[in-house]
Amino acid sequence: KDEGSLLQDWVSYHGELIGYENLYVIDGSTDVDSIKFLAHARKHWGVNVIFSSKGLDELRRILSRIGRVISKACDFVMKV
């Protein structure tokens, strides 16, 4: 959360490595720059971004749901 200084490098590195369209980012950030960057990444690079203000329990449920759905079309799913 609020890791704006690392976020752009993380998205760029992993997007180039596995494809931007294969990235799923669930963001609970309150940092305006991070939110703007992720909105840009979603619109222009195809990153799958979910903005959420939910707590950790709800985020775990969201991650599990996404994992179940995308695992049917993937060779592997990795949480980082």
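## About the model

This is a predicted model, in which local features need pLDDT of at least 70 and side-chain atom pairs count only at pLDDT 80 or more, while totals for chains, interfaces and linings use all residues. Residues are numbered from 1 along each chain as its sequence is written, and side-chain values use heavy atoms, with hydrogens and water left out.

## How two helices pack

Let us start with a pair of helices. Two packed helices are described by the angle between their axes and the distance between the axes. Here, helix α1 (residues 4–18) packs with helix α2 (residues 32–45) at an angle of about 15°, and their axes are 9 Å apart. Helices (H or I, at least four residues) and strands (E, at least two) are DSSP runs, numbered from the N terminus. The axes are lines fitted to C-alpha atoms, for helices over the stretch in contact, and the angles run from 0 to 180 degrees between N-to-C directions.

The helices α1 and α2 are therefore roughly parallel to each other; angles under 35 degrees count as roughly parallel, over 145 as roughly antiparallel, 65 to 115 as roughly perpendicular and the rest as oblique. Their crossing is right-handed, a label used if the near helix is turned clockwise from the far one by less than a right angle, with left-handed for anticlockwise.

## Where the helices meet

On the α1 side, G4, L7, Q8 and V11 meet S34, F37, L38, A41 and W45 of α2. Contact means heavy atoms within 4.5 Å. By class, this contact of α1 with α2 has 6 nonpolar, 3 polar and no charged residues. Ala, Val, Leu, Ile, Met, Phe, Trp, Tyr, Cys and Pro count as nonpolar, Asp, Glu, Lys and Arg as charged, and the others, Gly among them, as polar.

S34 of helix α2 counts as buried at 2% relative accessibility. Buried means under 20% relative accessible area, exposed over 50%, and partly exposed in between (1.4 Å probe, protein chains only). Not counting residues up to four places away in sequence, S34 touches E3, G4, L7 and S29.

## An aromatic cluster

A search of the whole structure finds 2 aromatic pairs. Rings of Phe, Tyr and Trp (its six-membered ring) pair if their centres lie within 6.5 Å; planes under 30 degrees apart count as stacked, over 60 as edge-to-face and the rest as tilted. The ring centres of Y20 and W45 are 5.1 Å apart with planes at 45°, so this pair is tilted. The pair links distant parts of the chain, with Y20 in the loop between α1 and β1 (24–27) and W45 in helix α2, 25 residues apart.

F37 and W45 form an edge-to-face pair, 5.8 Å centre to centre with 70° between the planes. Together, ring pairs link Y20, F37 and W45 into a cluster. Y20 is buried, with a relative accessible area of 15%, and F37 counts as buried at 9%, whereas W45 is partly exposed at 33%.

Y24 lies in strand β1 and counts as partly exposed at 38% relative accessibility. Leaving aside neighbours within four places in sequence, Y24 is in contact with N48, I66 and I70.

E16, in helix α1, counts as exposed at 62% relative accessibility. V69 sits in helix α3 (residues 56–71) and counts as exposed at 56%. The C-alpha atoms of V69 and Q8 are 26 Å apart in space, and these residues are 61 residues apart in sequence.
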